[in-house]
Amino acid sequence: MINEGGFSSTAAVMATIAQEPPPPLPAGFDSYYLETNADEEGGDTQQSYLTAVNADTHPFEQDYYILDSMQVQPQFLVEFEYNPADDESGKIVICRRCQKNRATMYCKTEDLCLCGECDKEYHSQTIAHNTMTMEEYTRKYAPCPIHTKEAVQFFCPICAIPVCTMCKMMGSHSTGEFGNHKLVMIEQAYQKLQEESEKQGDTSQETRKAQLYNQLGEVDRKVMEIHKNVSVLDEQMRAVIMEAYNRITQINETKLKILLSEELECKRMLGYMEWVDSFMNYLQDTLPPSRFLANWGRHQALQKSLRKYQNIPRMAQTIKADTTIRGAVL
């Protein structure tokens, strides 16, 4: 997300072709943050468009979908030189006493790199020396950027650069104006800087952090409010849907009962009329003429009464499938 307000991440930019067209951007935004989710069943990845950065994503690795290639602009140019011959990190330091084993301890008092056995044997016969592990030595006494074979032992507060013994004796801080600079031990400069940093602190940095934490807190509260609102709306919507469903069912059942009543009465009347006709045919086939003529008058009276009975309510004309649902989401 690149907001018009300011922050833009340029640490890692990756071109991505989206499979689906992105939704419209809200006001104030000009790109999409791509969230990749793995499909639990098939292991496939699915991308979705977000206009907010996922908090679980590494801050220096973010994928964006941009609408204009001009949005990708170089911000930094890093140039460096590397000589493998000067790389001391991969070399093994050998004990200076036995010249066989790998050095694991460093004696600052004697400036000796010793293995574990020689360190115990040598320092058991001498007074207490200032010793440390080779890891601590490597971390505290980094090599001089100019004289790579020498460890940095001093610090120039005026130039704000580390200085080794060769720099002091025959290098940049040996003569001239720089030679008059007062050097301090690297440990003292480091300890003093730590103490000053703890006392003073970067108030502007802490203020900015506090602002960001407050902003994150506000966003978190808004997210919780949205989730709570959705939960409340979900319950309300379910209740409204159930009420509407029950009401619709009741209305439709009433209409269906009326239609079924009319259907039942029509079918009953048709059945009765068919029975009267079939019964007349039965009498004609079974009775002698004298008996049939005696019953003919009754049959005529029954048919006359059936013709008069035409008052079946025609409710189907008034029943309509016009039930609708109206509403709005505010």
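**Reading the model**

Mentor: The protein chain has an accessible surface of about 26,700 Å², and carbon and sulfur atoms account for 55% of that area. Such areas come from the Shrake-Rupley method with a 1.4 Å probe, and for residues only the protein chains shown count as cover. The model is predicted: local features need pLDDT of at least 70 and side-chain atom pairs count only at pLDDT 80 or more, while totals for chains, interfaces and linings use all residues. Residues are numbered from 1 along each chain as its sequence is written, and side-chain values use heavy atoms, with hydrogens and water left out.

Trainee: How many helices and strands does the protein chain have?
Mentor: Helices (H or I, at least four residues) and strands (E, at least two) are DSSP runs, numbered from the N terminus. In this protein chain there are seven helices and nine strands.

Trainee: What share of the residues is buried?
Mentor: Buried means under 20% relative accessible area, exposed means over 50%, and partly exposed lies in between (1.4 Å probe, protein chains only). Of the 330 residues in the protein chain, 16% are buried. As for contacts (heavy atoms within 4.5 Å), among those between residues at least 6 apart in sequence, 45% join residues at least 24 apart.

Trainee: Which residues of helix H1 are buried?
Mentor: Helix H1 covers residues 116–123, and its buried residues are Cys118, Asp119, Tyr122 and His123. These four span an arc of only 105° around the axis, which puts them on the same side of H1; the arc is that of the directions from the helix axis to the C-beta atoms. Glu117 and Lys120, on the other side of H1, are exposed. The cover over the buried residues of H1 includes strand E4 (105–107), strand E5 (112–114) and strand E6 (131–133).

Trainee: Is Cys113 buried or exposed?
Mentor: Cys113 lies in strand E5 and counts as buried, because its relative accessibility is 7%. Cys113 and Cys95 are 18 residues apart in sequence, yet their C-alpha atoms are 5.5 Å apart in space. Beyond its neighbours within four places in sequence, Cys113 is in contact with residues including Val93, Ile94, Tyr106 and Met134.

Trainee: What is the order of the strands in the open sheet of three strands?
Mentor: Two strands pair if DSSP finds at least two bridges between them. Here the order is E8-E7-E9, with antiparallel pairing. Strand E8 (161–164) and strand E9 (184–185) are the edge strands, each pairing on one side only. Four bridges join E7 to E8, and Val152 stands opposite Cys164 in E8. Two bridges join strand E7 (residues 152–156) to E9, where Phe155 stands opposite Val184. E7 and E8 form a hairpin with four residues between them, and Ala160 in the turn has a positive phi of about 60°.

Trainee: Where is His173 placed?
Mentor: His173 is in the loop between helix H3 (165–170) and helix H4 (176–179). Its relative accessible area is 4%, so His173 is buried. A polar contact is a pair of N or O atoms within 3.5 Å; within protein, one must be able to donate a hydrogen and the other to accept it, and residues adjacent in sequence count only if both atoms are side-chain atoms. The side chain of His173 makes such a contact with the side chain of Ser172, at 3.0 Å. Not counting residues up to four places away in sequence, His173 touches residues that include Cys156, Cys159, Cys167 and His181.

Trainee: How many aromatic pairs does a search of the whole structure find?
Mentor: A pair of aromatic rings is described by the distance of the centres and the angle of the planes. Rings of Phe, Tyr and Trp (its six-membered ring) pair if their centres lie within 6.5 Å; planes under 30 degrees apart count as stacked, over 60 as edge-to-face and the rest as tilted. The search finds four aromatic pairs. The rings of Tyr272 and Trp275 have centres 6.2 Å apart and planes at 15°, so this pair is stacked. Both residues lie in helix H6 (residues 203–286), three residues apart, about one turn of the helix. The rings of Trp275 and Phe279, with centres 5.3 Å apart and planes at 10°, are also stacked. Tyr272, Trp275, Phe279 and Tyr282 form one aromatic cluster.
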